[in-house]
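Have the structure open in a viewer with the selection tool ready. The stops below go from whole chains to single residues.

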Amino acid sequence: MMEWLKQGTARLGESGDDLVLAEALRSLDPASEDPNYWLRFRSWVMAEAASELARRRMIVELTVEDVLASWSRAVLPVALAAAVAAIALIRNTGLEDAAPVASAVGVEELLVVEVPLETRPVLLSPDAASGIVAFASDIY
Amino acid sequence: MKETSSDGELVQRALKGDERAFGQLVERYQRPAYAVAYSVTGRHEDAEDAAQESFLVALERLEECRNPERFGGWLMTIVRNRSKNLIRRESLRETDQVPPGARSRARTPDRVAEDSELRETLEQALSDLPEVQRQIVLLHDLEGWKHREIAERLELPSGTVRSHLHFARKALRKALEARPGVPDILRKVQ
């Protein structure tokens, strides 16, 4: 009978391991029944991890140039087409009716614009003496 | 020649999608991960699920591993949490408590009866231990981890690891001695 079972002491290895207990615990190792167990375990994990690993590889492989290139492939043709269309539109509009060119307008000009040439109030003119103002001046 | 890169190097390469590097990490930690999961769940099927899922979770969250050199400890935390979640989910699903006999693995037809008895005795004895002692005794005596490695990866003081190991072994021996027939089996194992 084993010593540790008789005396309640473990049979220890050089590193202090309980060899008998370790041996007994080995029966809990799934590989004790199926030698390929850990190989299958790893294979399953690797198969499930494949997509995530591929995603990570793709992120790393994409350089700044790649991003710009892929971006430009999609955007450049559209931008070019838009630019050509804009130029054509501007040219056509210019030929048909030239838009008035905006010019600087002074403050004084702005104040008198659309004001009748006769800037002096009619009521204050000598001809208006018989008007309301004249009447008022008679009273006061 | 077998490559012996550090955990940190392998993590850095796995971050970039290096399949071989991640494969090496799986190979390095699949057994300890299973042992920790088993120490929490007490069932082979659950331990397998929890351990495998933990590797996938670890890969998805690899950026969160702040110290890649301590990948092992970080992974074991994930394994413990996944295992506990799995038990919680199952306990919600199952209204009946799992009988002790059902905690053993699915039997294969050619399993030797003595091995089965030893396994069931061990499983029962392990299930009576506190979780931390189960983890430590499985990692040390089954997976061959050193005290220092266990202390680092479970984030426990080395003295505490030794103490837990001592008490776990003592309890396991006592449980095994108390089972009639088991000493004979162990003699054969020896």
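What follows is a list of selections, with what is found at each.

This is a predicted model, in which local features need pLDDT of at least 70, side-chain atom pairs count only at pLDDT 80 or more, and totals for chains, interfaces and linings use all residues. Residues are numbered from 1 along each chain as its sequence is written, with chains lettered from A and ligands numbered from 1 in the order in which they are written.

**Chain A.** Select chain A: it has six helices and zero strands. Helices (H or I, at least four residues) and strands (E, at least two) are DSSP runs, numbered from the N terminus. Of its 140 residues, 11% are buried. A residue is buried if 20 or more other C-beta atoms lie within 10 Å of its own, exposed if 12 or fewer, and partly exposed in between, with C-beta atoms placed from the backbone.

**Pro30(A).** Next, select Pro30(A), in the loop between α2 (19–25) and α3 (37–61) of chain A. Pro30(A) has 18 other C-beta atoms within 10 Å and is therefore partly exposed. Contact means that the C-beta atoms of two residues, placed from the backbone, lie within 7 Å.

**Chain B.** Switch to chain B, which has nine helices and zero strands. Buried residues make up 42% of its 190 residues. Among its contacts between residues at least 6 apart in sequence, 69% join residues at least 24 apart.

**α2(B) and α3(B).** Select residues 19–41 and 44–60 of chain B: these helices, α2 and α3, pack at about 135 degrees with axes 8 Å apart. Axes are lines fitted to C-alpha atoms, for helices over the stretch in contact, and angles run from 0 to 180 degrees between N-to-C directions. The contact residues include Phe22(B), Tyr34(B) and Tyr38(B) of α2(B), and Ala47(B), Phe55(B) and Leu59(B) of α3(B). By class, this contact has 11 nonpolar, three polar and two charged residues. Ala, Val, Leu, Ile, Met, Phe, Trp, Tyr, Cys and Pro count as nonpolar, Asp, Glu, Lys and Arg as charged, and the others, Gly among them, as polar.

**α6(B).** Finally, select residues 131–142 of chain B, helix α6. Of its 12 residues, 10 are buried, among them Ile136(B), Val137(B) and His140(B). Just after α6(B), Gly144(B) takes a positive phi of about 80 degrees.

Key
The expected span of a helix is 1.5 Å times one less than its number of residues.
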